[in-house]
Amino acid sequence: MSDAHALATRDGITDDIAYLRAAYPRGDWAKHVNFGQLCDFWLHVHQSLRTEGGAVEGIIADFREGRLDAQAFPHRFVPALNQFLGHLDGHHRIEDAVYFPKFRALDPRMQRGFDLLEADHHAIHDALETTLGSARGLLASLSEPNRDARVVDTHADHAALLTRLLLRHLADEEDLVIPAMLEHGERRVG
Ligand SMILES: [Fe+2]
Ligand SMILES: [Fe+2]
């Protein structure tokens, strides 16, 4: 993946990769006759990932800003983080294994876009592992009497990076998969 398309730095995907996007404007997706259960489900999953990522960031902010103490924090944080990361990992696995190969088979012009999305999944997985590692460090530090506040800052930075990468990826993936399903019909990829 060239630097111009790297998830961490890009600001959307170009029209030559999202070659169906102009024909299917986002605001009209749900009105299209081919917009069915799979399109709806895909967007719904993405929306819940955004919500779950936001919830984790909110809990970290509550802890950093003193609205949650070190006793209450893990009870909120651990289940929210597990739910978010588990959902994210499961979603990407099924896309890589089941859905993306079917999109690639629709048209040779899909290849570049799905190479890009798969590269995104690797970048997001790396950020997920880093976030998980710093979360473990943070949880272990809670019982230490002279806790270093930088452990929280480090984890907050990692979680924020993961969220930023994920939000970019979700929007760009929608620009590829929804127009493709409207053009070719959901049944070709469902
Ligand atoms: Fe994805
Ligand atoms: Fe997705």
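Tutor: Donors are N, O and S atoms within 2.8 Å of the metal (3.2 Å for Na, K and Ca), and water is not among the atoms, so sites may look incomplete. This is a predicted model, in which local features need pLDDT of at least 70, side-chain atom pairs count only at pLDDT 80 or more, and totals for chains, interfaces and linings use all residues. Residues are numbered from 1 along each chain as written, chains are lettered from A and ligands numbered from 1 in written order, and side-chain values use heavy atoms, without hydrogens or water.

The iron ion (ligand 1) and the iron ion (ligand 2) lie 3.4 Å apart, with Glu 95 coordinating both. Glu 95 belongs to helix α2 (residues 73-104) and His 121 to helix α3 (residues 111-141), so this pair ties together parts 26 residues apart in sequence; helices are DSSP runs (H or I, at least four residues), numbered from the N terminus.

The iron ion (ligand 2) is coordinated at 1.9 to 2.1 Å by His 46 (NE2), His 91 (NE2), Glu 95 (OE) and Glu 173 (OE). In sequence, the latter donor residues follow the spacing H-x44-H-x3-E-x77-E.

Within helix α2, His 91 and Glu 95 are four residues apart, about one turn of the helix. Both residues are buried, meaning under 20% relative accessible area (1.4 Å probe, protein chains only). Glu 95 has 0% relative accessibility, and His 121, at 5%, is also buried.

Notes. Helices (H or I, at least four residues) and strands (E, at least two) are DSSP runs, numbered from the N terminus. Buried means under 20% relative accessible area, exposed over 50%, partly exposed in between (1.4 Å probe, protein chains only).
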